[in-house]
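Hello,

Here is the structure I promised to pass on to you.

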Amino acid sequence: SFDYMVWDRNKKLVKKSDRRYNMNPWALIWANDRYYLYGYDVKEKDGVLSERNYRVDKLDNIKLSDIPRAGKSQFRIFNANTYVSRRMGMFSGKEQVITVRIPDTLVGPFIDQFGKRITISEYTEGMLLVTFNAVASVILLGWLLGLQYVEVLEPQSVRNKIWKYILKRIDANMRQFFFRSMIKLYIILLLPIMQEISNHKEVWC
């Protein structure tokens with residue numbers, strides 16, 4: 001078991017939670033220029049131990065347990081390269097089968113990120129359907145949007161997530177635009193009027 005640390009606003013590492021973290025450790029993974037401890041939860045869910053990963057540099061107060069380590073059968077089929085490619089930023093979560101529609105010019109980034117195990121089929125001339133496994137993290141959604149010409153088709157839950165992400169960005173941009181517009185309006189219209197009033201007050205005095 002261990003304490004897991006996170007950064008606070010004072011740039012200090014503090015406990016993420018008062019609870020102790022427990023896991024069945026099985027491997028160290030090098031990803032994003034950092035080491036991650038990979039393993040499985042201590043309790044089964046639907047007969048399977050959930051995968052877990054934690055940054056090694058954020059582990060603190062580590063204590064060994066006398067409980068036998070579980071997860072050997074699952075670890076036998078574990079592939080570190082596949083695991084990392086499907087988790088941008090090493091975000092944990094449930095993997096999903098995601099299908100997107102892209103122009104054929106964008107097939108390279110998908111192969112680079114998810115490997116040759118992705119499924120590629122022709123949709124129309126110049127357009128492809130690409131199916132891959134990944135965790136639908138915010139980083140993945142941002143990456144898909146950054147490619148500009150990607151449309152998420154399935155599953156509907158990921159499609160809904162990306163629409164909510166887009167709407168949040170639009171809302172934030174609109175708020176920023178409104179704030180900037182009000183400042184410009186003040187500078188162009190109200191500030192000269194206020195200065196004129198101030199000048200008249202000086203004359204009256």
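This is a predicted model: local features need pLDDT of at least 70, side-chain atom pairs count only at pLDDT 80 or more; totals for chains, interfaces and linings use all residues.

Residues are numbered from 1 along each chain as its sequence is written, and side-chain values use heavy atoms, with hydrogens and water left out.

Let's start with the sheet. It is open and has 4 strands in the order β8-β9-β7-β10, with antiparallel pairing. The edges are β8 and β10 (151-154), each with a single partner strand, so one side of each has no neighbour in the sheet. On average, neighbouring strands are turned by 35 degrees against each other, direction ignored. (Strands are DSSP runs of E, at least two residues, and helices are runs of H or I, at least four, numbered from the N terminus; two strands pair if DSSP finds at least two bridges between them. Axes are lines fitted to C-alpha atoms, for helices over the stretch in contact, and angles run from 0 to 180 degrees between N-to-C directions.)

Next, strand β9 (residues 127-135). Antiparallel to it runs β7 (residues 95-103), joined by 9 bridges; Arg101 stands opposite Leu129, and Glu95 has Val135 as its bridge partner. On β8 (residues 119-124), 5 bridges link to β9, and Ile120 is partnered with Val130. The β8-β9 hairpin has 2 residues between its strands, and Gly126 in the turn has a positive phi of about 85 degrees.

Finally, helix α3 (residues 107-114) lies across β7, β8 and β9, at about 20 degrees to β9 (contact means heavy atoms within 4.5 Å).

Enjoy exploring!
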